[in-house]
Amino acid sequence: MMNNSVLVIGGGIAGIASALELANSNRQVYLIEREATVGGQAASFCCKATEVCTKCSVCLVPQKVKEVKTHPKISILTNSIASEVSGKAGNFQVEVWQKPQYILPERCIACGICFDICPTQPKAIYLPSPEAVPYSYVINESQCLRLKGQECNLCQEICPTDAINFERKPERQELSVGTIIVATGFDVFDAREIGPLGYGRYPNVLTGLDLEKTFSYEGSLRLPSNGKEPHNIAFIQCVGSRNESHCYCSQVCCKYAMRFARLIKYQNPDCQVTIFYIDLQTAGKGFAEFYEECREAIRFIRGVPVEISETCYGELEVKFENILEGKVGRESFDSVVLSVGMAPRKDSWDLARILRINLSDDGFFDTKEPFNPIETNVDGIFLAGACQGAKDIPDSIAHGTSAAERAMEVLVRCK
Amino acid sequence: MIIAERKPLEEIKSMLSGYKKILLVGCRTCVTICWAGGEKEVGILSSQLKLASSGEGNELSILEATVERQCEKEMVIEELRDKVQEVEAILSMGCGVGVQTIAEIFEEKPVFPALNTTFIGMPEAEGVWVEKCGTCGDCMLYWTGGICPVVRCAKGLLNGPCGGTRKGGKCEIDPEKDCAWVLIYRRLEKQGRLDLMRKYYEPKNYRAVKRPGRVEAATA
Amino acid sequence: MNREDNKIVAFCCEHSAYQVADKAGRMRLHYPDNVRIIRVPCAGRVDVQHILKAFEKGAAGVLVMGCQEGACQHLTGNTRAKKRVKYAEDLLKEVGIDGGRVKMVNLAPDMAQRFIREVKEMAEKIEGEMRR
Amino acid sequence: MQVRIGIFLCDCGESLKNIDFSRIRGDLQRLEDIAFVDISHNLCLEEGVKAMTSRILAENINRVVIGACSPELCEHSFSRLLKGLRLNPSLLSLANIREQCSWAHEGDVTGKALELMRMAVNKARFLQPVEKKDIPVNKEVLVVGGGFSGMRSALELSRLGLRTTLVERESVSGGKLGEFESFHGIETTPEEMLSSTRKAVKENADIKVLTSAEVTRVEGQVGDFTASIGRGEEKVSQSFGAIIFATGYMTKILPQDFQLKPDVNIISQRKLVEMLQAPGKLERRPGTIGFVLDVSDENSRLPILSTLNNALAVKERLGSEVYVFCKSLKVDSEGVEKLYREARERGVVFLKFEEKPRISKEDGRVKVEARDVLLGEEVTLLCDSLVAEEKVLPPEGTEALSSLLNIGTDSAGFYQDENVHLYPVASERKGIFFVGGCKGDLDFTRTLADISSATMSIYKLLSPEKVIVEVEKVKVEPEKCRACLTCVRVCPHGAIQMVRVDTEKEVAKIYDLACDGCGICAAICPAKAIRFEGYADEQILAEVEAIGESL
């Protein structure tokens, strides 16, 4: 029996791109997402435009998420993972395991009454983000008194649409699909792994992800230590990329570092911005002009620092090999941003076991042959987005769309 | 086609001072195409006039209408016949011909022009129009390879470029403008009709063209 | 409709500015409540006539809010809107309404803070005008 | 037909405390043409929907106004509900009284909520129904450019059951893969890839190949393009549903960038590939080979890809010394970092410069002088042959074809405007796609992903053979149109063309399938001849009107 539907594991931008293409070709798509909201990491990124758009394509994400949310052919299952997979191309049986839905997204109207009444600080019941899809409240199990065993039913009683029910159990669901697209995305490299750079110890050492959040919520950068505007900020490239354990270029850090540097310089022109780099990745459509602009606005130093320490005035002193003068340089900045790269997801190992697909030596999912970034060693299972290798947003969309095309070939062939 | 441009608001307001109820008339042909007097511009000018009058505290009520072609008596009469009775004055957004046609038909009511009729021309780019014909009544385009020096040469010379043509064939008076006679030379050269440059053209007898011009078809 | 009214009409492009207004509301970021948001498919849909009619009907300020330049889904929508707002500003100066009461704002769907700042700026400009 | 408006208000589970709904209901009921005003707690859930359905069926209303949360959340389900009740979904007018009213301000906002509702009611009065219709689309696809990407796209399209016509300017299809001697770690050489693809295309019945042919004219819109293809003197005109551009790119060494004296012989990657393929023919094996990059173009990935692959091939085949001069290595493609490390292990020396290297001739060999940043001192290198980096340029005829089709190019002259909404393969006109090198940045894996994306977008568009489209949502009224061509020039999606109507008059016509619903034409039309249903002038001005009538 030929099944015409597709399972997409992972609701990030690549998974969404695949789901949309297949759904628009009149195929039923089951989009399962481990977190409570669809959109993946890219949904929380901020726009980095100064006067003119800098082509970071972050604004493509809300647009595609909106399409996915309202598409009749796509059924979204949040808080779900694929626990068992059997069968072969054209006819896979997938068992989907869903975390207990204490709050039903379809019933929650996000009125916020439960948020006001919840006694915990910080609140155990909250909205993941203002543009969350599905737009529904979620419960933080570690924070909620009821889930820690105490007697507290305040939110369950007050909810006007009785969307909250603490008795709900995890659910199992059996799906039979024609093909599977894996779009589980990436983990941001945890900068704490490089001790000397002092991330986590010094408040003013930030990562690219922190900047995304600050600009998304505050719209401008204030120093975490004293709330003042930065006057002297440095970006350090290739943190967690192009080294022994991550033998690849994450492709995104040079670009987002330059866009943030240009944005910070645009917002406070007297702030001096420096970028320490190994090789500046400036290739890409429409990036040449922006790179010329950055060349005047930003100071580029070749050579990546190895150690950051705090001076007595609370400034950060960076020790780096000043290659031009051929000696060890020391410079102090009031803030340092580590351009963290993309690392493979730590839990991709067990999904690989379930789907019986191989992992490459970098830790991403492996493909059947080089120059074929989509097909895995199992026929009918395809890769989309950063789970196969570091990619920026447009490349993930292109990769997701081409995974959809390969899946369509299987569906058309097996009919 | 006829190209026109809207008069500054100050001038229009001074014309309308003292009138409480006016008829604002647009035209759907040439002035629509050159974005000067079409139905959209009627709406814009009417809003502006209302804002100006309410700003100065005197009220001004405006009746709006748009005629298919203001230079056709039947169309003007059919569209404006009843509306004219209710107003004290008419502000026409047609070209000069439109203003005068309305004035001839409704002689008892004053008719004011809201546009300056500038020239006969063509769109050079979207939203940009440029003059091409000066209606001199004695067309010499045969001799000049289809480029009219009367209009496109700043000095209107009829016999070859003046001495001041700049490098790159630009006009002496306006460095951005091409010298008409350089263009004429190049085109005739391309067509192999350079001998026409030798023709001596007597000065045009502008008195010969009786103003106002009148054309009567043989079968009229 | 007399002049004391302080309504601000904001033509918001549904791809960016309208979503920013939603985000500001969801983050409970409060802004002056004399703003009236009209949803348009693209900033390029707003014409000079709409802006002038808004003032004619008593609006004290008009904001045309579209996508960032270079990121318009219809490529030229926001640049055309910018030209029309400039033209509308000149027409309003002729009429005696100046002091930046009509403004083009470029926003991306996540710039809630910038939306709030632009609205507050316009409201203060109108308050200042009103008191004089 | 008399307007009868039904109004629904949603108080979101009575959580919108700063709005007095009963006062709003009282005020709205006094307006004319209002059939009823209902207050509900949850219009987005089944019970709310059930109540609304029975209410609409009970009263025969022809306009629905709903004051609820943001249209981004509820517009879709409300229009689906209307469609279910055989009411045209475009007769729906929404007011956002939650995110943009109750949540956005402190204190009582009943006044503002009422005004937002009056705006929605005023707009509702002018709403007109918009019908939907199936438009047949042609399933044939035209692929322009017979290089590797063109052939590959044609093959993938045929695997999905779509017939293609491949138009190639040269006499034989092949394209640019000749830049690479081999892909390191892959047995099949680019030559074999090309020949196997060419064979597959020849055997495929769905693909019609027209060599030494050129597209001279293209008319029509997506779903029904008519392309006339010139082949020698015979002209063929055929209609297609979609077009893929795979015209590739052109590489040229720009001597002026290298400040070269004429006698210095530097070779191109292609010449190096020929040397590698026929080492026997060389009079003597080159002892040292130099590569120079990042001189004329710092933003292209092609030079580093071909340099790394060819350098490794040189090491294996010729075993000569290899030096690479570059400013910043573009390693942001898949697997290139590993290739770079492999090259270093194999003894390829990478030298990084800030100022451009000076190249001159010295006793029959090429001398390169540059200040290496890593060593911090001057370096001079004498090499037998120097491979110079070529600037990647758009192929000739790009301006001609793009103006013919009125599509934009980017700042470097390549196809596809730099607007992110067009990435990865779309153009601003629906139904026209770009693939591979003709878009600018070039790298093999990204090109393969582009090819499949374009194939999928076309399959999605053409496979159902008909497309449901809103008929005349944006409409030109023929009698008002002055044929001034402003809208034709202004439309960013090229969706408007002039047509001859029955009265022999030429007027503008908006093609519903190609129109993307932005309204730029409706705003700029000097004769007010274009009406955009849902955002028509009278509807927007009605909303503005409601703002004026304060409480």
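## Chain A: fold and dimensions

Chain A carries nine helices and 20 strands, counted as DSSP runs from the N terminus (helices are H or I with at least four residues, strands are E with at least two). Its radius of gyration, taken over C-alpha atoms, is 23 Å, close to the 22 Å that the globule rule gives for 415 residues, so chain A is as compact as a globular protein of that length. That rule is 2.2 Å times the number of residues to the power 0.38.

Of the 415 residues of chain A, 53% are buried, meaning that 20 or more other C-beta atoms, placed from the backbone, lie within 10 Å of a residue's own.

## About the model

This is a predicted model: local features need pLDDT of at least 70 and side-chain atom pairs pLDDT 80 or more, while totals for chains, interfaces and linings use all residues. Residues are numbered from 1 along each chain as its sequence is written, and chains are lettered from A and ligands numbered from 1 in the order in which they are written.

## Where chain A meets chain D

Here 56 residues of chain A are in contact with 58 residues of chain D (C-beta atoms, placed from the backbone, within 7 Å). On the chain A side, α9(A) gives the largest share, 13 residues.

By class, that side of chain A has 26 nonpolar, 17 polar and 13 charged residues. Nonpolar covers Ala, Val, Leu, Ile, Met, Phe, Trp, Tyr, Cys and Pro; charged covers Asp, Glu, Lys and Arg; the others, Gly among them, are polar.

Conventions: Contact = placed C-beta atoms within 7 Å. Buried ≥ 20, exposed ≤ 12 C-beta atoms within 10 Å, placed from the backbone.
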